[in-house]
Amino acid sequence: MTYDQNNIFAKILKGEMSCHKVYEDETALVMMDIFPQSRGHTLIIPKASSRNLLDADPATLSAVMPLVQRVARAAMVATEADGVRVMQFNEAPAGQTVFHLHFHVIPIFEGVPLGTHGGGRADDAELAALAKAMAARL
Ligand code: 5GP
């Protein structure tokens, strides 16, 4: 399996496509998922090019996991969630749809079922407000 330089997340990392950015440093970009499975669904995207976990450099994983934890904690506070799910998919049969490594942070609200993976597009104003609230708590 090869890495496609023109996948959507590579384009966002290169600034060729816009996103609702929460945070960025030299190793990763954090942004809101525009087809969220719950309110506050956030993606952590390492900048290093890899298709998914299977071909990632272990150094990339070491660098990004503390950020995944920070985002999960921020999501709990910013959305007043009851729990949080961290997900990561590898290859299409496992549910991967964008082939650049990323981690999902999905707030869970008691009694509220999760939306479908890659379901309806969220309102941009709501995503912008959530990105701001998340950024304030990172
Ligand atoms: P995967 O299925 O590869 O684990 O997750 C890809 C995620 O990217 C999905 O949750 C989907 O909603 C999200 N997504 C797809 N296209 C875009 C986009 O253009 N911008 C953002 N922010 N998220 C996207």
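## Ligand contacts

A backbone N or O atom of V98 lies 2.8 Å from an oxygen atom of the ligand, a polar contact being a pair of N or O atoms within 3.5 Å. The model is predicted, with local features needing pLDDT of at least 70 and side-chain atom pairs pLDDT 80 or more, while totals for chains, interfaces and linings use all residues. Residues are numbered from 1 along each chain as its sequence is written, and side-chain values use heavy atoms, without hydrogens and water.

## Ligand shell

The ligand has 17 residues around it, and D33, T97, V98, H104 and H117 come nearest (near: a heavy atom within 4 Å). By class, nine are nonpolar, seven polar and one charged. Both α1 (8-13) and β2 (28-32) supply at least two shell residues; helices are DSSP runs of H or I with at least four residues, strands runs of E with at least two.

## Largest pocket

The ligand takes up the space of the largest pocket. A pocket is an open set of points on a 1 Å grid where a 1.4 Å probe fits, with protein on both sides within 12 Å along at least five of seven lines; lining residues have an atom within 4 Å of a point. A molecule sits in a pocket if more than half of its atoms lie within 2 Å of its grid points.

The largest pocket holds about 480 Å³ of space. Its lining has 24 residues, with I8, F9, D33, I34 and F35 closest to the centre. α1 gives the most to this lining, three residues.

How values were computed:
A polar contact is a pair of N or O atoms within 3.5 Å; within protein, one must be able to donate a hydrogen and the other to accept it, and residues adjacent in sequence count only if both atoms are side-chain atoms. Ala, Val, Leu, Ile, Met, Phe, Trp, Tyr, Cys and Pro count as nonpolar, Asp, Glu, Lys and Arg as charged, and the others, Gly among them, as polar. Grid points are joined across faces, edges and corners, and a volume is the space filled by probe spheres set on the points.
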